[in-house]
Amino acid sequence: MSKITDINTYSEVKGNKIIGAPLQFNDSSVEFFGENNVLVFSPNVTLYKSGFSFKGNNSLIYISGSIESISLNITVYMDSTVYVGENLATNGTVSIIASEARHVFLGNNCLISKGCSIRTGDAHKLYDIATGVRLNEGRSVFLGDHVWLGWGVNVLKGSRLYSGTIAGLGAVLTGKEYFSNTAYGGNPAKPIAHNVCFDKKGTHGMSDADKEKISRVDLKQLNGFIFSVDESTIDFSTIDEILTETKDIDKRYRYLSSLQSYNKHNRFSKNYIAED
């Protein structure tokens, strides 16, 4: 199928729908190869150098609005979902691949640098020679709210990054849990700092005087960046199960919309647990 570059002139074909339209869609395109797929744009989405490719059937991509213009290269296959929460900030194009009927979920206010990728599968099958059991089944990936991926971070199948997680330059997250207000680095990623948080505001253009002003802040200013489990917290496993079991695209869309409006601060949090 030819690439769709003008969202406003697209008409539904084979059950493939586009709901909403970005404010800008510069150097961007959509491709539908299958049937019964849905691409959703909330209000206030501004895109550049983005691509959305549906290479199977019955999949959903849901893009929420952001203050900044963002760049995304998203590919989905059969029965998969990609949800991008509000106010994502990207520096370069973020690559996301959702395959094996698994899902990618990004919360609100995430910060993703250049060269980052997120994927739910390995693309090829790996077996145990002694048992014949497959060893690398696809698994969903979750990022909570206010997560920072540094330059060149790779987030692999099964990874769960809770709200406030920081992944440093070149880190490889290998399908484990990564806890709130904890910084990780390396390949495979290991915890390198606990009880830390970040502010999305950039520092590149600061003078010495500017840096002096932010060398220490009132702790009250950090409250919005600190996350902890409470009665409002949702287990990522619950979201994964609902998305997988909900084959009806419209119902899946409505469920994600309900999560978007459930704006509790600690909704995707998990306190640090030391590895054994």
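At 17% relative accessibility, Gln 260 counts as buried, because the cut-off for that class is under 20% relative accessible area. The structure is a predicted model, and this glutamine lies in helix α3.

**Helix α3 and its surroundings**

- Leaving out residues up to four places away in sequence, Gln 260 touches Ser 42, Tyr 62, Ser 64, Tyr 83, Glu 86 and Arg 267.
- Helix α3 covers residues 249-261, 13 residues in all, and spans 19 Å from its first C-alpha to its last, which is close to the 18 Å expected at 1.5 Å a residue.
- Besides Gln 260, the buried residues of α3 are Ile 249, Arg 252, Tyr 255, Leu 256 and Leu 259.
- Seen down the axis of α3, these buried residues fall within an arc of 145°, so they line one face of the helix.
- An α-helix has 3.6 residues a turn, so residues three or four places apart point the same way.
- On the face of α3 turned away from the buried side are the exposed residues Arg 254 and Ser 261.
- The cover over the buried residues of α3 includes the strands β4 (38-41), β7 (60-63), β9 (81-84) and β12 (103-106), together with the helix α2 (236-245).
- At the start of α3, Asp 248 places a side-chain oxygen within 3.0 Å of the backbone nitrogen of Asp 250.

**Strand β12 and its partners**

- Strand β12, which is part of the cover over α3, is itself covered on both faces, with His 103 and Phe 105 buried on one side and Val 104 and Leu 106 buried on the other.
- Strands β9 and β12 run parallel and are joined by four bridges, and within this pairing Thr 81 has His 103 as its bridge partner.
- Strand β12 also runs parallel to β15 (residues 141-143), to which three bridges join it, and here Leu 106 stands opposite Leu 143.

**The seven-stranded sheet**

- An open sheet is formed by seven strands with parallel pairing, in the order β3-β6-β8-β11-β14-β17-β20.
- The edges of this sheet are β3 (29-32) and β20 (172-173), each of which pairs on one side only.
- Within the sheet, β6 (residues 51-54) pairs with β8 (residues 72-76) in the parallel sense over four bridges, and Ser 53 has Thr 75 in β8 as its bridge partner.

**Nonpolar cores**

- In soluble globular proteins, nonpolar side chains tend to be buried together.
- The largest nonpolar core has 62 residues, of which Phe 41, Phe 52, Ile 63, Leu 72, Leu 149 and Ile 239 touch the most other members.
- Apart from that core lies another, of five residues, among them Leu 111, Ile 166, Ala 183 and Phe 198.
- Leaving aside neighbours within four places in sequence, Phe 52 is in contact with Phe 25, Ser 29, Val 30, Glu 31, Leu 39, Phe 41, Leu 47, Ile 61, Ile 63, Leu 72 and Ile 74, and of these contacts Phe 41, Ile 63 and Leu 72 are also named among the core residues that touch the most other members.

**Leu 111**

- Leu 111, one of the residues of the five-residue core, lies in strand β13 (residues 111-112).
- Although Leu 111 and Ala 89 are 22 residues apart along the chain, their C-alpha atoms are separated by 4.9 Å.
- Not counting residues up to four places away in sequence, Leu 111 touches Ala 89, Val 147, Trp 148, Leu 149, Phe 198 and Lys 200.

Definitions and conventions: Residues are numbered from 1 along each chain as its sequence is written. This is a predicted model: local features need pLDDT of at least 70, side-chain atom pairs count only at pLDDT 80 or more; totals for chains, interfaces and linings use all residues. Side-chain values use heavy atoms; hydrogens and water are left out. A nonpolar core is a set of buried Ala, Val, Leu, Ile, Met, Phe, Trp, Tyr and Cys residues joined through side-chain atoms within 4.5 Å. Buried means under 20% relative accessible area, exposed over 50%, partly exposed in between (1.4 Å probe, protein chains only). Contact means heavy atoms within 4.5 Å. Two strands pair if DSSP finds at least two bridges between them. Helices (H or I, at least four residues) and strands (E, at least two) are DSSP runs, numbered from the N terminus. The expected span of a helix is 1.5 Å times one less than its number of residues. The arc is that of the directions from the helix axis to the C-beta atoms. A polar contact is a pair of N or O atoms within 3.5 Å; within protein, one must be able to donate a hydrogen and the other to accept it, and residues adjacent in sequence count only if both atoms are side-chain atoms.
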